[in-house]
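This report walks through a two-part reading of the structure shown below. Chain-level features and single residues are taken in turn.

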Amino acid sequence: MATTTVAPTRRRRRLPFSPWHLLLMPLSLIFVLPLVQMVLTSFMTSADINRFPPRIIPTKLSLAGYEALFAESQILRWLLNTVVVATISIVGHLVLCSLAGYGFARLRFPGRTLGFFAMVATVMVPIQLLMIPTFLMFSRLGIANTLATAFVPWLASAFGIFLMRQFFLSLPRELEEAARLDGCNAFGAFRRIVLPLAKPALATLAVFTLLGSWNDLVWPLIAISDERWYTLQVGLTTFQGTRRTQFELLMAGNVVATMPLLIGFVLAQRWFVASMTFTGLNR
Amino acid sequence: MVQSTLEAPRTRPEGVRSGRQRRWRRSAGRAATGWAFAGPGTLLVVGLSIFPAVWAFLISRTRWNGIAPARDLGWDNYRGMVEDPELWESVRHTLLLTALFVPSSIVLGLIVAIALSQPIALIRFYRTCIFVPFVASAAATGILAGYVFNPQFGSANELLRRLGLPAQQFLEDPKQVLIVICLIALWGQIGFVAVIYLAALQDIPKDLVEAATVDGASRWQVFWHVTVPALRPVTVFTGVWQTITVLQLFDLVFTTTRGGPLNASQTVVYYVYELAFHTQRYGYGSAVAYGLFAFTMLLTVAMILYSRRAKVEAF
């Protein structure tokens with residue numbers, strides 16, 4: 001296996017071959033190969049896909065899947081919709097959750113405890129309970145079938161507020177108190193002193209909101225029926241009905257929908273995992 | 001899961017004694033500032049869940065298709081759940097999926113985390129690989145799985161063929177479909193569980209492990225008597241989290257099988273979706289959703305209570 005040759009070449013680190021490679025190497029392949037196959041299949045011709053025995057590597061590169069995808073669906077429009085939803089969701093989360101988290105962590109005001117517990121309690125309400133009334137509510141408000149239905153549920157979350165509150169509680173109070181003594185009001189202290197210190201927490205929040213809102217299926221699925229306002233995820237599921245066996249097109253759609261996040265993840269991997277760890281610790 | 005971290009440091013700045021009016025003005029000002037910060041986010045979160053949840057309860061006591069006026073049924077929808085074979089079938093699927101998914105995700109996640117915490121070559125590459133599927137959406141994962149597990153063209157059967165094993169129907173076989181969905185869910189979730197365990201492993205005090213080793217404990221004994229107990233809080237958290245996740249698993253079912261074949265992968269959440277958005281039975285759908293909510297709550301509370309008791313015994 002590849003591991004036996006790779007480990008000794010890293011001589012300068014003087015790492016002996018470890019039996020853990022025998023577990024990690026096949027495991028990594030199981031996790032990554034389906035994604036590699038997704039990319040490779042998106043460049044295949046349908047003749048290649050239907051070949052028996054099935055091939056992993058295309059005999060020749062073909063853009064037929066992408067051509068069909070761009071010609072026969074509004075994928076670019078869906079991509080744009082998704083970017084808009086994710087951007088608004090992230091901005092909403094960063095502003096609303098950091099403000100609310102700071103309020104609950106640092107300010108004393110009547111109703112604080114009640115408000116906080118009402119907010120935390122919402123975590124227990126499952127989404128399937130909310131599907132029907134939220135759909136009805138959006139219809140009555142006249143925003144069903146618009147992008148708003150996809151981003152309004154993502155403007156703030158109990159998870160985000162809780163995350164930010166935990167972070168603000170961990171900051172030393174003295175900094176803000178000094179600022180307050182110097183004549184800053186609560187908002188001034190928050191904006192000038194606290195927010196600059198909160199960058200790691202804000203980054204984590206942004207990562208989670210990006211993942212959640214980009215990949216969300218349920219809200220846009222139940223509330224958007226007009227094809228122009230589909231997000232990528234909803235658009236992808238519509239291919240399943242009519243193009244169930246057009247695998248080059250399905251995989252091309254998958255590539256468009258997942259690659260932005262995958263590339264972002266691989267480039268910013270260390271930072272990404274640090275964010276995950278950050279929340280793990282905070283729970 | 002969150003209770004332990006809820007208490008805020010309470011240092012009440014002792015105000016100067018002043019007249020009633022000034023005190024009132026100050027407290028009104030504090031309320032205004034406080035709610036200016038906390039209000040918008042809280043209102044949105046609470047408004048988008050408590051309000052619809054109450055409405056769902058009102059709907060669940062009616063027969064309503066969204067168009068004709070709702071007819072009040074009292075508790076009939078809830079009574080009807082008892083005699084609904086399709087519901088019990090989906091409950092059975094959901095429980096089976098939970099029993100498959102939760103223990104395996106925890107055990108595998110822990111094993112992967114321990115493997116990924118070893119100081120060996122390529123470790124960063126391994127971490128990337130194992131974590132990457134978590135980034136893929138349920139829709140993309142479902143479509144990809146439909147290809148990989150396709151009985152005719154898929155690479156899963158090709159692999160079985162090379163190993164000399166008989167081809168399988170996977171997602172098209174009512175007997176296998178839940179197991180395959182569980183495998184797909186594990187593929188996406190293991191990285192997440194592993195990252196949480198990785199962080200927890202780093203928090204285990206090194207001298208604890210050293211002390212045990214000095215006392216002559218083998219590696220396995222250290223793992224079983226030091227590492228596993230130290231990880232118990234994280235395990236409880238992850239167990240509760242994964243249980244809630246799998247009880248509410250919807251998007252993966254939707255994107256792989258839409259409940260099929262022959263309803264063999266219809267989970268409770270998917271049944272709610274079908275009731276509400278395909279057959280427009282809003283009232284009954286809401287009642288079933290409340291049933292699942294109650295069950296999830298009971299199970300979560302039971303797990304937390306059990307873990308508390310277990311911890312009391314441990315100390």
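Which residues are buried in α11(B)? They are Val234(B), Thr238(B), Gln242(B), Val246(B) and Leu247(B). A residue is buried if 20 or more other C-beta atoms lie within 10 Å of its own, exposed if 12 or fewer, and partly exposed in between, with C-beta atoms placed from the backbone. An α-helix has 3.6 residues a turn, so residues three or four places apart point the same way.

## Basis of the model

This is a predicted model: local features need pLDDT of at least 70, side-chain atom pairs count only at pLDDT 80 or more, and totals for chains, interfaces and linings use all residues. Residues are numbered from 1 along each chain as its sequence is written, while chains are lettered from A and ligands numbered from 1 in the order in which they are written.

## Chain B overall

Chain B has 14 helices and two strands. Helices (H or I, at least four residues) and strands (E, at least two) are DSSP runs, numbered from the N terminus. The radius of gyration of chain B is 25 Å, well over the 20 Å that the globule rule gives for 315 residues, so chain B is more spread out than a compact globule. That radius is taken over C-alpha atoms, and the globule rule is 2.2 Å times the number of residues to the power 0.38.

Along the principal axes, the C-alpha atoms of chain B fill a box of roughly 90 × 75 × 35 Å. Of the 315 residues in chain B, 39% are buried. Two residues are in contact if their C-beta atoms, placed from the backbone, lie within 7 Å. Among contacts in chain B between residues at least 6 apart in sequence, 67% join residues at least 24 apart.

## The interface

In all, 90 residues of chain A are in contact with 76 residues of chain B. On the chain B side, helix α1 (residues 20-47) gives the most, with 13 residues. By class, this side has 57 nonpolar, 15 polar and four charged residues. Here Ala, Val, Leu, Ile, Met, Phe, Trp, Tyr, Cys and Pro count as nonpolar, Asp, Glu, Lys and Arg as charged, and the others, Gly among them, as polar.

Val32(A) is found in helix α2 (residues 20-42) of chain A. Leaving aside neighbours within four places in sequence, Val32(A) is in contact with Cys129(B) and Val132(B). Val32(A) is partly exposed, because 16 other C-beta atoms lie within 10 Å. Phe190(A) is 158 residues from Val32(A) in sequence and 43 Å away in space, C-alpha to C-alpha.

## The nonpolar core

The largest nonpolar core has 160 residues. Such a core is a set of buried Ala, Val, Leu, Ile, Met, Phe, Trp, Tyr and Cys residues joined through C-beta atoms within 7 Å. Residues with the most contacts inside it include Ile161(A), Ile130(B) and Ile181(B). Helix α8 (residues 177-202) of chain B gives the most to this core, with 18 residues. The core also draws at least three residues from each of domain 1 (2-67) and domain 2 (74-242) of chain A. These bounds come from an automatic or database domain assignment. The C-alpha centres of the two domains lie 37 Å apart.

Not counting residues up to four places away in sequence, Ile181(B) touches Leu97(B), Leu252(B), Val253(B), Thr256(B) and Ser265(B). Leu201(B) lies in helix α8 of chain B. Leu201(B) is partly exposed, because 18 other C-beta atoms lie within 10 Å.

## Helices and a loop

The 16 residues of helix α11 (residues 232-247) of chain B should span 22 Å at 1.5 Å a residue, and the end C-alpha atoms are 22 Å apart, which agrees. The expected span is 1.5 Å times one less than the number of residues. Helix α13 (residues 268-277) of chain B is mostly covered, with eight of its 10 residues buried.

The loop between α12 (251-256) and α13 of chain B holds Arg258(B). Asn263(B) lies in the loop between α12 and α13 of chain B. Neither is a glycine, yet Arg258(B) has a positive phi of about 50 degrees and Asn263(B) one of about 60 degrees.
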